[in-house]
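Here is a short briefing for a reader meeting this structure for the first time. Please look over the sequence and the model before reading on.

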Amino acid sequence: MLKRDILNDLVDWKNRKHHPLVVRGLRQTGKTFTVKQFGEANYESVVYLDLRANNAVHKAFEGDFDVNQMILSITASDPTARFIPGKTLLILDEIQDCTNARSSLKYWDLDGRFDVICTGSFLGVKGFRNPYVRGVPVGYEEQISMYPLTFREFLINTGMDEKVFEYVNKSLSERTIIEPTVHQSIRNLYLQYLIVGGMPEVVNIFFETHDLNQVRETQKRILQSIKDDFGRYKDKNGNDAVNEVLKLRAEACLKSLPVQLAKEYKKFQYSLVDVKGHSPEKADGLDYLEDVGLVVRAHNTRELVYPLEAYKIPTEFKIFYIDTGLLVSQLGEEVPEKILSGDLGAYKGAIAENMVAASFAKNNMSLYYFHAPSGSPELDFLFEKNGEVGIIECKSSNNRATSMKFVLANEKKYGIHPAVKIADSNVGAGKGFDSYPLYALGFLPEKPKQKILETVDVSNLKVPWW
């Protein structure tokens, strides 16, 4: 049984004043299993409803949102369900398949006798965004995203001693060399993680067998099952349907990613997407991949100026897999062997760069980079901290960070910026920047989750008469 960091977030949620929780994310990242595991460990009774597989239970949410009436309907369809005030967790799995169930969260929240957690793989996806005729319970729910295992979670599940984590964290924060034996051991595990990735089923297969052939087969099967759902939506009657055109566009965009990332400049180009349609039409397929949580987007910026969102170029971006293991599974059969030998230069550093992008995305960080109109300098990633724009150069070996050094040396043109080099090396430093090993991203401090604010009571507010 894999240990997941999100379990700590769920316990924190339970132990404070809270609203119903919506856990969203890519399919097969372990949402259902983890929420059930949490429920069984922390509640006397767990009531589980699969809203995708069991259409009959949708009727429980069709009438007035009276909690007692909904309980009556649920227990009628499931005689084993037990609702014990203060001791019951209601799990609504695949909440996007029953819009009325999502709308009912406000009333479970106001009632307050039972905790509710929902999971959703298609929340925000075209075809699931529109049918909330009875409203989305803004102010009465909280949301949290669940991703494939991070490198830190991968390490925890190897059984690594907590003292090693403390030592590495201390070395990284104090910018001191990590003892070579420890460094090499973690580096080797990092190379394995690049191949395996963080999809729970794949990680379990790897830990059980260490067979990379089985790992690759499992990754391909998972990716195919995700693709099988492309284009799925709810029609006006609430029935399952498939938008075949959208499905083809999404598949074509996904198929183009290895080629997109193999370029020197990895800007996404619709001309490389082999499907009929102009760029705006193909963009629907790419947006779909992003909506289901399979890929993340990094935007180019016009300037190295805070806030980066104000300077991003909407039409110029790179696309990365949320799980580097899934990316590697789509590359040549020889790529895993190259990675294990330490050759991360395959696909022009795209694998290492994808790892950085995925690590940032899993830490709820927006992704930006800088590529000058002339082509130089090109900075792999930008980040924001304390109102400043920082620079990150990602090197699959320990090559020189030429672009970063050029920007740092030209303060009048580009300004002054904190800078970090992420490379296949130990902790170090250069003129104006710090250098960290690639695996250091697995030790990023977790960014606080954003909570939904409570609804403000405006019923007694009046417009001044003067």
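The points below cover strands, cysteines and backbone geometry. The model is predicted. Strand β10 has five of its five residues buried. A search of the whole structure finds zero disulfides.

- Strand β3 spans residues 88–93 and runs parallel to β2. Six bridges join β2 and β3.
- L49 has L92 of β3 as its bridge partner.
- As background, strands of a sheet pair through backbone hydrogen bonds, either parallel or antiparallel.

- Strand β10 covers residues 367–371.
- Because five of its five residues are buried, β10 is largely enclosed by the rest of the structure.
- Both faces of β10 are covered. On one side, L367, Y369 and H371 are buried.
- β10 pairs with β8 in the parallel sense, over three bridges. Here H299 stands opposite Y368 of β10.
- β10 also pairs with β11, and these two strands run antiparallel. Three bridges join them.
- F370 has L379 of β11 as its bridge partner.
- β10 and β11 form a hairpin, with six residues between them. In the turn, G375 has a positive phi of about 100°.

**Cysteines**

- How many disulfides does a search of the whole structure find? It finds zero.
- C118 is in no disulfide. The nearest cysteine sulfur belongs to C98 and is 10 Å away.
- For a pair to count as a disulfide, the two sulfur atoms must lie within 2.5 Å.
- C118 has a relative accessible area of 0%, so it is buried.
- C253 is likewise buried, with a relative accessible area of 0%.
- As background, a disulfide is a covalent bond between the sulfur atoms of two cysteines.

**Cis peptide bonds**

- The bond from Y306 to P307 is cis, with omega near -5°. P307 lies in the loop between β8, residues 295–301, and β9, residues 312–321.
- The bond from S376 to P377 is cis, with omega near 5°. P377 is in the loop between β10 and β11, residues 378–385.
- As background, most residues other than glycine have a negative phi, and most peptide bonds are trans.

- E94 is not a glycine, yet its phi is near 55°, a positive value.
- Where is E94 placed? E94 sits in the loop between β3 and α4, residues 99–103.
- Is E94 buried or exposed? E94 counts as buried because its relative accessibility is 13%, and the cut-off for buried is under 20%.
- H210 also has a positive phi, of about 55°, although it is not a glycine. H210 lies in the loop between α9, residues 200–209, and α10, residues 212–228.

Technical notes. Residues are numbered from 1 along each chain as its sequence is written. This is a predicted model: local features need pLDDT of at least 70, side-chain atom pairs count only at pLDDT 80 or more; totals for chains, interfaces and linings use all residues. Side-chain values use heavy atoms; hydrogens and water are left out. Two strands pair if DSSP finds at least two bridges between them. Helices (H or I, at least four residues) and strands (E, at least two) are DSSP runs, numbered from the N terminus. Buried means under 20% relative accessible area, exposed over 50%, partly exposed in between (1.4 Å probe, protein chains only).
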